[in-house]
Amino acid sequence: MESDALFSLGAPAGTRSAPDGPAGVDGFTPVADDSPLPVRMRPATLDELIGQDHLLAPGAPLRQLVSGGAPLSVILWGPPGSGKTTIAHLVAGATDRRFVAMSALSAGVKDVRAVIETARRQRRSGGPQTVLFIDEVHRFSKTQQDSLLAAVEDRTVTLLAATTENPYFSVISPLLSRCVLLTLQPLDDDAVRGLLRRAVADERGLGGTLALTAEAEDHLVRLASGDVRKALTALEAAAASATALDADRIDLATAEQAVDVAAVRYDRDGDAHYDVVSAFIKSLRGSDVDAAVHWLARMLVAGEDARFIARRLVIFASEDVGMADPGALGVATAAAHAVEYVGLPEAQLNLAQAVIHLATAPKSNSATTAIGAAMADVRAGRGGGVPRGLRDAHYAGARGLGHGTGYRYPHDDQRGVVTQQYVPDDLVGTDYYRPSPHGAERAVATRLPLLRRIVRGLPAPPARPDAPPVTAQAVPTPADGDGHSTAGTDGPGTMQDSGTNAAGEGQQ
């Protein structure tokens with residue numbers, strides 16, 4: 001079973017064997033000279049564990065678990081390479097408890113029950129406590145997880161479980177309630193960089209036989225994306241390539257060849273970050289779907305935070321697509337949720353779908369300009385008090401103050417709209433929203449002038465000589481091309497006057 005491969009930035013630890021507590025360890029392979037680099041660089045003590053400072057405070061559950069100070073059952077939740085299996089190795093080697101490790105990929109109910117039965121017999125005879133480590137516990141079925149409940153409840157075993165999936169969705173509630181949930185975070189770039197340098201110098205690693213150039217180091221850090229195991233595995237592969245070439249250092253070309261991934265010229269904190277994001281947004285706005293997908297791929301390969309990309313898509317859906325395709329915001333929001341719920345690499349599919357939808361959607365910035373103009377007026381001091389008819393009239397005494405007086409309920413009119421002042425006095429007649437003629441907003445652009453005439457009590461424009469006469473009642477029409485009913489409208493997106501003229505005359 002591979003370790004998550006975290007180790008200290010302090011003084012190098014001496015060579016050591018696999019954890020071998022007094023009560024025995026079952027399920028972990030001893031560390032050998034030819035073990036993978038992530039396994040050889042495993043930390044020797046909890047104090048050497050880095051990147052999880054929020055779990056390492058004195059008296060914290062993680063310290064209690066490792067020291068054996070309290071028989072707490074724990075679920076470790078975190079991304080690959082964040083230290084879950086490493087913590088299990090530390091628990092295995094730090095106490096006099098019996099330690100049994102198994103993977104949910106290969107173990108079944110029979111294996112779990114055998115461990116529990118052995119632990120129960122040892123407990124009755126005064127033997128050591130048993131710690132049961134289950135890796136990838138989310139892969140256990142409900143029945144398999146149920147088989148743990150009684151033993152965890154009466155502390156026949158102390159459960160240490162690891163998962164990369166959200167335990168609130170992947171672990172049954174009864175088991176989750178019997179355990180302490182500890183969330184591990186991916187290591188930041190500085191921590192991964194320091195760990196790579198230690199592996200280059202430490203006798204357990206490369207022992208200083210090869211140098212690592214700054215460009216190659218940057219490439220390995222970007223490639224890892226916070227996964228220490230991935231970084232050390234790539235370093236080991238690059239070291240093997242450099243040795244085969246009889247080189248004394250690992251340069252960028254060697255690192256690229258070893259992991260078969262080209263270095264992406266992208267700095268998440270520098271100019272390249274902002275340039276690529278700018279190109280991404282402008283490609284979406286320009287409806288060049290191929291360019292947008294390229295820039296998305298560029299960011300994903302470079303290790304950009306998928307949540308950042310998703311946030312930009314949600315903003316773009318309203319800023320640049322808006323009312324031309326109202327469903328675009330739902331697509332972008334769903335993609336953002338998928339990033340949180342599914343995570344990479346699978347969420348790249350959700351992001352790609354959202355990018356393609358937004359790039360090919362009709363565009364309108366009318367929502368952006370509308371809120372911008374309205375906020376400019378508010379900041380400039382325009383806008384008086386709330387019109388009396390719109391004020392809250394539900395509390396005692398409100399009617400005596402005149403609140404709600406004259407308010408007209410739009411649903412009482414067969415058209416669903418009435419003449420009424422909704423804005424402060426100094427904003428009467430102000431237009432903020434100016435719909436575009438694109439996509440779904442075309443129907444809004446046709447309907448909006450009539451809505452404004454009715455609401456503002458303006459006279460209808462002169463009829464064209466060739467226009468058909470206005471009928472006295474609404475004429476039902478079939479659904480329009482977008483599947484929306486156009487009953488009570490005069491053509492797509494317009495309203496008939498239904499017994500009154502466009503100025504709302506005759507409404508009493």
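Modeller: Helices (H or I, at least four residues) and strands (E, at least two) are DSSP runs, numbered from the N terminus. In this protein there are 19 helices and 8 strands, and Gly207, for instance, lies in the loop between helix H9 (189–201) and strand S7 (211–212). The model is predicted, with pLDDT of at least 70 required for local features and 80 or more for side-chain atom pairs, while totals for chains, interfaces and linings use all residues. Residues are numbered from 1 along each chain as its sequence is written, and side-chain values use heavy atoms, with hydrogens and water left out.

Biologist: Is Gly207 buried, exposed or partly exposed?

Modeller: Buried means under 20% relative accessible area, exposed over 50% and partly exposed in between, with a 1.4 Å probe and protein chains only. Gly207 has a relative accessible area of 24%, so it is partly exposed. Contact means heavy atoms within 4.5 Å, and, leaving aside residues up to four places away in sequence, Gly207 touches Ala199, Val200, Ala201 and Asp202. Across the 508 residues of the protein, 45% count as buried. Among contacts with a separation of 6 or more, 73% join residues 24 or more positions apart.

Biologist: Which residues have the most contacts inside the largest nonpolar core?

Modeller: In soluble globular proteins, nonpolar side chains tend to be buried together. A nonpolar core here is a set of buried Ala, Val, Leu, Ile, Met, Phe, Trp, Tyr and Cys residues joined through side-chain atoms within 4.5 Å. The largest one has 32 residues, and Phe280, Leu284, Ile309, Leu313, Leu351 and Leu358 have the most contacts inside it. Two or more residues each come from helix H13 (271–285), helix H14 (289–301), helix H15 (306–321), helix H16 (327–341) and helix H17 (347–360), and H15 gives the largest share, 8 residues. Leu313 touches Phe280, Leu284, Ala332, Leu351, Ala354, Val355 and Leu358, again not counting residues up to four places away in sequence. Apart from this core lies another, of 29 residues, including Ala199, Leu220, Ala255 and Val259.

Biologist: At what angle do the axes of helix H10 and helix H12 cross?

Modeller: Two packed helices are described by the angle between their axes and the distance between the axes. Axes are lines fitted to C-alpha atoms, for helices over the stretch in contact, and the angles run from 0 to 180 degrees between N-to-C directions. The axes of H10 (residues 214–224) and H12 (residues 252–259) cross at roughly 30 degrees and come within 7 Å. H10 contributes Glu215, Ala216, His219, Leu220 and Leu223 to the contact, and H12 contributes Leu252, Ala255, Glu256 and Val259.

Biologist: How many aromatic pairs does the structure hold?

Modeller: Rings of Phe, Tyr and Trp (its six-membered ring) pair if their centres lie within 6.5 Å; planes under 30 degrees apart count as stacked, over 60 as edge-to-face and the rest as tilted. The structure holds 2 such pairs. Phe99 and Phe133 form a stacked pair, because their ring centres are 6.4 Å apart and their planes stand at 25 degrees. Phe99 lies in strand S3 (residues 98–103) and Phe133 in strand S4 (residues 130–135), so the pair ties together parts that are 34 residues apart in sequence. Both Phe99 and Phe133 are buried. The pair of Phe169 and Tyr341 is edge-to-face, with 5.0 Å from centre to centre and 85 degrees between the planes. Phe169 is in helix H7 (residues 167–170) and Tyr341 in helix H16, 172 residues apart. Phe169 counts as exposed at 57% relative accessibility, whereas Tyr341 is partly exposed at 48%.

Biologist: Which residues of S4 are buried on one side, and which on the other?

Modeller: In a regular strand the side chains alternate between the two faces of the sheet. Thr130, Leu132 and Ile134 are buried on one side of S4, and Val131, Phe133 and Asp135 on the other, and both faces are covered. As 6 of its 6 residues are buried, S4 is largely enclosed by the rest of the structure. Two strands pair if DSSP finds at least two bridges between them; S3 and S4 pair in the parallel sense over 6 bridges, and Val131 is the bridge partner of Phe99 in S4.
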